[in-house]
Every structure is written in C-alpha cells, then in structure tokens.
Amino acid sequence: MKSLYLVLKYLAILLWSSFVALPFLWALTTSFKTSNGVTGGATYIPWLQYEPSLEGWKVLVRTGGQGINIVAPFISSAIVTLSASLISMVLGTLAAYGLSRFSYRLGFVKNSDITFFFIAQRIMPPIVLAIPFFLMLQFLGLLDTIPGLILVYVALLLPIATWVMVDFFNNVPPQIDEMALIDGCNPIGAFVRVILPNSLPGIMVGGLFCVMFGWNDFFFAFTLTFTKTQLLPVAVVALNSSVTPWWSLSASALVSVAPLVIIAFVVERFLSSGNMAGAIR
Amino acid sequence: MALILEHIDIRVDDIAFLDDVSLTFKRGGLYTVLGRTLAGKTTLLRAIAGLQQPQKGTLTLNGKDYLHLPVWKRRVAMVYQQFINYPHLTVLANVAFPLRRAGVPAEEAKRRAMEVLDMVGLADFETRRPSALSGGQQQRVALARALVKRAEILLLDEPLVNLDYKLREQLREEFQNIFEGQDDAIVVYTTTEPAEAIQLGHELIIMDKGAVIQKGKPLAVFNAPATIRCAKIINDPPINIFDGAIENGAIQLQGSVLLPIPPHLAHLPQGTYCFGLRTSDLSLGGVIGSKVELSEISGSQTILHLSADIGAFILFEDGVSQHAIGSTVQVNLDSDRIYAFSPRGDLIAAPAITEN
Amino acid sequence: MLKLKYKQFFLLPGLIVLVAIIIFPLLFTIRVSFSSWDVVKPGLDWFGGKNWGRLFEDMRFWESLARLSLMATGSVFIQYLVGFGLALLVWRNIILKRFIRVLFLVPMMTTPVIMSVIWRTILHESLGPANDIIRILGFEPLSWLSTGPMAMVSVILVEVWQWTPFMFLLLLAGLMSLPNEPYMAAAIDGAGPFRTFFSVTFPLMAPISIGAILIRLIEASKLMETVYVLTSGGPGTATETSSYYIYIRGLRDYQIGYAASLSLAYLVIMIISLTIIAKILTRKIAQD
C-alpha cells in the first residue's frame, strides 16, 4: 500500500512538473524553428523533426527592416522597474518602520487603519486608475515617457513595499531599537545604523516583489505609452499577431521572462543559506 | 548629584504600572529594586531611561528637568534581561558602539572597549559575533557595552534571570566587584530574588503593584518589613502568616493553640493580630499536629507544605526525608522569632536582630 | 514631544505620495463619471447621473461580472486544491522540498501576459502541441480558443499555471509552521492519513487557507491581461471580464465618462463582495 502511494505521489509531482515546464520547453524549442517546423503541425525535437536555426534569436537584435528591436524595450523596462522599485522601497521601508514602531493618530484613524489603507490599494483594479493616470500624465506632459511611467509604477509598488516591510519589522523585537536609542542614536540613527543592517532579508524580499510586479506589469505600460517609449511586455504582446513568426515570438518571450527567473533563483539561494541569526535568544 | 522622581504615575488602560512613585537616587549609590513580576520594576527603569513617559510627576537630575529629555540625550546605560546585542556587529564593535556615537575617535574607542571587555572576562572574544556566544557571554557583552559609556546612570533589569543557576552565582559575584568600582554612577538593579537584592545593594527598594512599599538598608528592611506584603516579598519562601490574638497573657492562634508571649512582644496590648514567622523559624518535633500537603526537596533541605488549625504554612527541614502526603508531623514554633502585624498588615513589632 | 518630529519623518513621505497618486485620481474619476467625456466631446461637463443610469441597464456589464466571478472563483478554487495537494505531498520530504520550491517558484516570476502569448501558441488548434498531444493519445482535439466554454477553460488553465505556485508556497509555509502535538495525538489515537487530514491538518490550516484564498481572489478579480492576449474577450464576449469590457469602452471607444462610472461601479462591487466573502470565511473559522 505504501509503495502504491509513493508511486502515485511521484507521478503527481512529475505530472505537475511537466505542466510547469511545458511552456518554457515549447517556447525554447520553437525559438529555434523556421517555417517548416511550425506550419506542418507541432514539432518538438530539433534535427529529428525540424532544422534548428538561430533566425528567431538573431532577429531580436537586428534593428530596422525585419528586425524586432527587443533591446530598447528591455532597457526601458529595466530603468522604469529599478527606479520605481528603489523609490518605493525607500518610501515604503520608512513608512513601514514608522507604522511598526510608533503609534499614529489622525482623528479616529490609527496605525492599523493606515496600514490597511496602504495594503488595500491592491484591491484597486488597474482600470479604475488607468483613466485618471492617462489624463494626469497628459496634463503633466509625461505621457509616453519614462519619468511618467516611473511615477505611476511608484503608486503601484509602494503598497507592496510597505506591506512586506511592515510585516518584517513587526517580527523584529523593538528592544534593539531601544538599545540603539540608549546608546545615543536618535530614531533616524537607530533606523539606519541598527535596524537596516539587520533587515537585509526583508529588504531582499520586498525588493524582489517590487521588481517582480514592476517588470511584469502590462496594463499601465500598455495604456500610458504609444510610440516613443515601449516597455518589454507591451513590445512582446505587440508581436502577438499573425504577422510575427512563432520563432521570434518565442525568443522574445524567453528573453523577457529570463531576468526575473534568474533573480528569483539568486534571492532564493541567499535567503535559504541562513543569514540573520537572532539578536535575542 | 541626585536623580529624583516625584509622584511619577504611569497608567495604561486603568492599570497602574507606576503608582505615585517618589524616589531619590544619589551618586555612587547601588540600589536594588525587589518585587514580584509585574510589580513595576521594569517600568521604573524604562521611565528613568526615557523609554516610557509618565502621565504625571517630575523627574530631575541634579535639579535639571530630565523628563523631557529624549532617550538618546540622557546619559543612561541599560542591561536587559534578554541578552540584547547588535547582531550585525562584532563583540568589539558592539562595545565600542556607544563611544563612536558620542564622537570618540575610532582608535580610542577600540582601546576603551578592549579594557572593559577585559574587565568582564571576554578579552579574546572581540572578533566574534554575539550569535556565536553562549547566554552568559552575550550578557557580559551587553554589560561591557553598558559600562564602557561611563554613564551617570546604570540600569540593570533582572540581568541574570535568563542564566542558569551556577552562572548566576558567578556573575553575581563579578557584579559586586564591578559595581564597587562605579563610584561616579547611580546603579539601579532590579530582581525578583530577595537574596540577590539583599546581597548586592546598599539600599533596597521594594515595589508591589506599581508602588514603592518600603525602602531602606537591605538588612534593616529584611529584619523589619513594614507590612505583611513587604515581609512576604522579602522572604523566599514567603513568610508564614497566622491569624491570632494576644489575650490573657498569651498568644492565641487558631485552633486553641497557645504560645508564651516572647519578650519583644511583651509590651503589646490585647487584641487581634497577624503573626508572622519565617519558614526557617519553624521546626519539627513540637506539639502542633500538622498535616503534610506537599513535600519538596530543594538542595539539601526538604520543604514541607503543611496545614493545621493554626493555618497553612511552609517549613524547612534539614536533610532530605520522605513524608507521605496526608501524614501528620509535629511542629514547633519559635516564638522568639515571631513578628506581630496589625490586622491591616502594618508591622507592630519585630524580633530582636540576630547575626544573619 | 520631540518624538513627534521623527514619527512624521518616517510615515509622511510614503503616505503623502500614496494619497496623491491614488486618492486624487480616484476623486477625479468620480467627477469624470458625472461627465459625458468622449471622443466627440472631450472635457468635463455636467452630465448628471446619466452614465450611472445607462450602467444599470447595460447587460453586457453585468454579464461580464458574472463571467468574471465564474472564472475567478473557478481558477482560485483549482489553484487552492492543486496547491494544497502539492504542498501536502512535499511537506515532510526535505530533499524534494528544496528542489520543488525552486521549480514551482518560476511561473510566479514570469510576466503573465508574455506567458499568455506562449500559451496562445500552445493552445493553437492546428499547430499547437496541446491538440497534437491529445491527438497522439487518441482523443478528439479540443477547440481551446474558438468556442465559448472551452475558451473559459483555457483562461482558467493559464491562470492555474501562473498562480498555483503562489498558493503552494503560502500553504507550504503554513504547513511547516504547524505544531507537532496534534499529530502525535492523532497517531496515538490510531488515525489514518485521511482522518488525520480532515480532523487535524485542514482545521489547523483554516486561517492560512482563507488568507491565501482571499489574496488570490483579490488579484484574480482584476482578470484582464490573460483575456486580452489569449482570447481578446472572445469568442464574441464569451470570456469578456469586467476589466476587459471597461477597457473597451474607455480606451478603445474612448467613452471616458461612461467608462469612469463603470470602473467605479466595478470597484464598489468588488470591495463589497470581497468584504462579504472575507467575513463569511472568517466567521466559518470562528465557528469551528
């Protein structure tokens, strides 16, 4: 009975793993195809079922004419994501520390309400903000520009940064802060010299989430840019027409998702290698 | 130089953490604060350090207002019961931290830090991280960091409570040596153990439910606790209390037990009293029959929890022996050591002082 | 008190930015919903409640809400089942855990729209591997994207692929934080694996399950990108979600005023439904 269970268990895991791997493997193999590998029906194994070629990949860096310039959108996405993540993490970590350590009172509104306000922004469907953001950016002359996008993305990522860091700070005992105060730091000094150095795991997770949500956003990039600026997801989706061959489509897709997958691996490594030992036993 | 608290009140949601506390701490003094858990000891230290603000009262140092000074401007050092160190810094950097914050140049800070580490016996540990140290060592680092500042006020909040017995004894001795050298500072040390409080301090303060209920020289407080509450706190196990009266020239306890009136109580008028007797002043082999409720062995003594007509009480027996629960033993009360308290709990008369 | 200055320094910058970037646009949207701003007549005029009236009779909007509820709850439910199942399989096994955790993390990190682009090629009825494998196994090929109900299934499939890892990670973390004692007690009582699961594991995991489900429901209620790429709301309006419909009205037809009222109605309905669902679920744990 036990061995039947084991067989079923590993079968289930195998099935799910195959399901997870399917799109990647398919995109990978398709990116090396040319027309006869696609138009005749699905093919899988290079050399056996189709002649592999680097055409799908070469086209990515070719500019003009047949080329799909993936490099420019890649760089734009990187700039917008990293800037917005940085700003959001700074503002969010500060706000989170405040919410975790001090108690605020604005009339009847107190800490838990303010924290909820930050987090509740996630409920907001993007479409509700798309129209005003569009008009707002148009008014500021920032439509279709990188600074405009950074501004909007900060609005998106700030709640996430705050949410992650509030949770993290709530799990750091306040005695360390107090010790820093007693040792002569004012609250800002305590925050910078003592809390931050001990918050690296939280900052990594928060930063990762920000970068993830920023890099992967489609909707706002889609509605707020046209021709001058183009972010990666928009560029790839624009290729999603019957004109673009599947091989360049697959190659572009893989290039776009690769960075985050790699970053995720790196962060996971760092987190599970165990770093911050307790300050208080 | 004196730190003076006057009528300090700290209340949260109707619970008085500090209840009208007025205390004076003098320079060079070593004060121990004794009390049960939640007595207000930690709150007192936090109020002095500035981590908690009183709703009422004044706090002055050398006549200057201390209450409105932020924590980081008060020249205070504190050692917590949980071993608090900065995890991201080495032991040396931990101890040098307050000096660097005060603007002391790096070289000198290192030098002074090494001196203090040597004083607490951690001379070779300077490159280690706190997380790699044992509990006792971590607490020594915390102590070193507190001492290096040469602060005006040194606060220790039950610093030994999370260490094992042997280590506690060892560190207690080291503390005594270290504190002797702190002539310029006010040292306030809290504890729940009467023995520790009496041994360490020049002056003892008893706190209960947020209020100061007695203060004075340790032995004086021990020999003459002001109330039954004080007597219970300053003795471990707590002092035994028997309701009774003085009538017809004898002490009458419940269950018609009569005791002769000892010399130190001879002057007392007739009336109802609460009589107190320490566990060490009861012995086996008398005439009072008592039932054994519980028998515990502690070190080389047996602690017996007994009940009789006179009341429930605790007694120490030398040596280790077995007593079946429910069995009867005969108990003797040493009436020369009896305390007399009023029914309301105030001390009326205490026995003569002996050498211990 | 001095502490006050420092308190403000920490919270205010973030709070001000958030209020400015979220509250003002929201207020602006409310104002716009009372105007008749569109391609022909841009600008804020006063249109009264006419947009709102139109909304009530707009069957397409209400149908989109129904479709959204169906697809969102369906996909979240499947994500929960599969995620929980996988977490249970992997929970006690240390080696598997590390390997699987990394593998399962990956879909979550990818850009959903871009993966949808790939899925579109996979689900292509004549050229894609999905139908190819089905044919090889001897079954009839499915009309993944060309018939209504199947299109919904395809959207749910892609969502399940994308987000089950999230459920998996949350639930695994929850399982790993469960105390040991109830299990020892169950073992002593001779409970088999099923009994143990239903009497011990499931009840203990209730708070975390509810949290995970709520979070995913909140995100799933915004379903739009997958639909945009995979089906364009089709065939017809078979997979048209509320977000997608509002996008059509607002940014394709440029009926900004009407779209504003639609988005606000959508927001309010979402907040109310999610709050109700949250209350019901949390009351359920309180009862057990």
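**Briefing: chain C and a patch on chain A**

In chain C, 67% of the contacts (heavy atoms within 4.5 Å) with a separation of 6 or more are between residues 24 or more positions apart. This is a predicted model: local features need pLDDT of at least 70, side-chain atom pairs count only at pLDDT 80 or more, and totals for chains, interfaces and linings use all residues. Residues are numbered from 1 along each chain as its sequence is written, chains are lettered from A and ligands numbered from 1 in the order in which they are written, and side-chain values use heavy atoms, with hydrogens and water left out.

**Chain C overall**

- Chain C has 13 helices and zero strands. Helices (H or I, at least four residues) and strands (E, at least two) are DSSP runs, numbered from the N terminus.
- Its C-alpha atoms fill a box of roughly 75 × 75 × 35 Å along the principal axes.
- Of the 288 residues in chain C, 52% are buried. Buried means under 20% relative accessible area, exposed over 50%, and partly exposed in between (1.4 Å probe, protein chains only).

**Surface and charge of chain C**

- The accessible surface of chain C is about 12,900 Å², and carbon and sulfur atoms hold 72% of it. Areas come from the Shrake-Rupley method with a 1.4 Å probe; for residues, only the protein chains shown count as cover.
- Chain C carries 23 positive and 16 negative side chains. Lys and Arg count as positive, Asp and Glu as negative; His and the chain ends are not counted.
- The centres of the two charge sets lie 11 Å apart. Each charge is placed at NZ of Lys, CZ of Arg, CG of Asp or CD of Glu.

**Helices H5 and H12 of chain C**

- Helix H5 (residues 112-122) has 10 of its 11 residues buried. Among them are Pro112(C), Met115(C), Trp119(C) and Ile122(C).
- Gly250(C) sits in helix H12 (residues 242-252). Gly250(C) is buried, at 1% relative accessibility.
- Leaving out residues up to four places away in sequence, Gly250(C) touches Gln255(C), Ile256(C) and Ala259(C).
- Gly174(C) is 76 residues from Gly250(C) along the chain, and their C-alpha atoms are 42 Å apart.

**Nonpolar patch on chain A**

- Leu4(A), Leu8(A), Leu11(A), Leu14(A) and Leu15(A) make a nonpolar surface patch of about 500 Å². Patch residues have over 30% relative accessible area and no salt bridge; like charges are joined within 9 Å, nonpolar side chains (Val, Leu, Ile, Met, Phe, Trp, Tyr) within 5 Å. A salt bridge is a side-chain nitrogen of Lys or Arg within 4 Å of a carboxyl oxygen of Asp or Glu.
- Leu15(A) belongs to helix H1 (residues 2-31) of chain A. Leu15(A) is exposed, with a relative accessible area of 58%.
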